[in-house]
Amino acid sequence: MRRSRRSPRRGDHVVEFAKKHLIRTTYRDFRSLLADKDIDVVDICTPPSLHASMIVEAVQAGKHVICEKPFTGYFGRGDDKAPIGKHVAKSLMYERVMEEMDKTCAGIKASGRLFMYAEDWIYAPAVTKTVEILKATKDKICS
């Protein structure tokens, strides 16, 4: 007799993790999460190519949004020849990214919701430069 085994669905480990840690609600998809009226803020930690559309969907659903970096980038379009870095002009990539950012910003502003950008300050240029200066001058600073 052959037993059928249910193959694990993507994300099953998350459901098990939630049970183990007594997290009462889990979602199998983004739209179900957005439909939950008890959720006020969504932190978007997905691949950057999904950020813009998810930000707009979330604010339109009445959620405030935190977006992890990078906010966006140019990830190609269906008719781009691969690899895009060699076959799509950087000026065109920039233009398309700016168009996407303008649309995203317009969606955020129209929603009246807050948009917050999560930056890892360890790698921010100003902090990195300050650390370099401190390391370079540490034996020259008097206490």
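Guide: Buried means under 20% relative accessible area, exposed over 50%, and partly exposed in between (1.4 Å probe, protein chains only). The model is predicted, with local features needing pLDDT of at least 70 and side-chain atom pairs counting only at pLDDT 80 or more, while totals for chains, interfaces and linings use all residues. Residues are numbered from 1 along each chain as its sequence is written, and side-chain values use heavy atoms, leaving out hydrogens and water.

Visitor: Why is C67 called buried?

Guide: Its relative accessible area is 0%. The limit is under 20%, so C67 is buried.

Visitor: Why is C45 called exposed?

Guide: C45 has a relative accessible area of 55%. Exposed begins over 50%, so C45 qualifies.

Visitor: How many disulfides does the structure hold, and what separates the sulfur of C45 from the closest cysteine sulfur?

Guide: There are zero disulfides. A disulfide is a pair of cysteine sulfur atoms within 2.5 Å. The cysteine sulfur closest to that of C45 is in C67, at 8.3 Å, so the pair is too far for a bond.

Visitor: What makes up the secondary structure of the protein?

Guide: Six helices and three strands, in the order α-α-β-α-β-α-α-β-α along the sequence. Helices (H or I, at least four residues) and strands (E, at least two) are DSSP runs, numbered from the N terminus.

Visitor: In what sense do β1 and β2 pair?

Guide: Strand β1 (residues 41-44) pairs with β2 in the parallel sense, over four bridges. Pairing needs at least two bridges found by DSSP between the strands, so four bridges meet the definition. V41 has H64 as its bridge partner in β2. From β1 the chain passes through helix α3 (residues 51-60) on its way to β2, a right-handed β-α-β crossover. Right-handed is the word if, with the strands pointing away from the viewer, the path from the first strand over the helix to the second runs clockwise.

Visitor: Which strand also pairs with β2?

Guide: Strand β3 (residues 115-118), again parallel and over four bridges. I66 is bridged to M116 of β3.

Visitor: What makes α3 largely enclosed?

Guide: Seven of its ten residues are buried, so α3 is largely enclosed by the rest of the structure. The buried residues are H51, A52, M54, I55, V56, A58 and V59. Their cover includes α2, β1, β2, α5 (90-111) and β3.

Visitor: Which residues touch the most other members of the largest nonpolar core?

Guide: F30, L34, V42, I44, I55, A58 and V65, out of 13 residues in that core. Such a core is a set of buried Ala, Val, Leu, Ile, Met, Phe, Trp, Tyr and Cys residues joined through side-chain atoms within 4.5 Å. α2 (30-35), β1, α3 and β2 each give two or more residues to this core, and α3 gives the most, with four. With neighbours within four places in sequence left aside, F30 is in contact (heavy atoms within 4.5 Å) with V42, M54, E57 and A58.

Visitor: Where does P70 lie, and why is it called partly exposed?

Guide: P70 is in the loop between β2 and α4 (84-87). Its relative accessible area of 40% falls between the two limits, so P70 is partly exposed. A cis peptide bond, with omega about -10°, joins K69 to P70. Beyond neighbours within four places in sequence, P70 contacts P48, H51 and Y117. Another cis bond joins A82 and P83, also with omega about -10°.

Visitor: What is the phi of L22, and is L22 buried or exposed?

Guide: Phi is near 60°, a positive value in a residue other than glycine. L22 sits in the loop between α1 (12-20) and α2. Its relative accessibility is 77%, so L22 counts as exposed.

Visitor: Where in the protein is confidence lowest, and where is it highest?

Guide: Confidence here is pLDDT, the predictor's value for each residue, from 0 to 100. Helix α6 (residues 125-137) has the lowest mean, 73, and α3 the highest, 96. The mean over the protein is 85, with 83% of residues at 70 or more. Where pLDDT is low, the predicted coordinates should not be read in detail.
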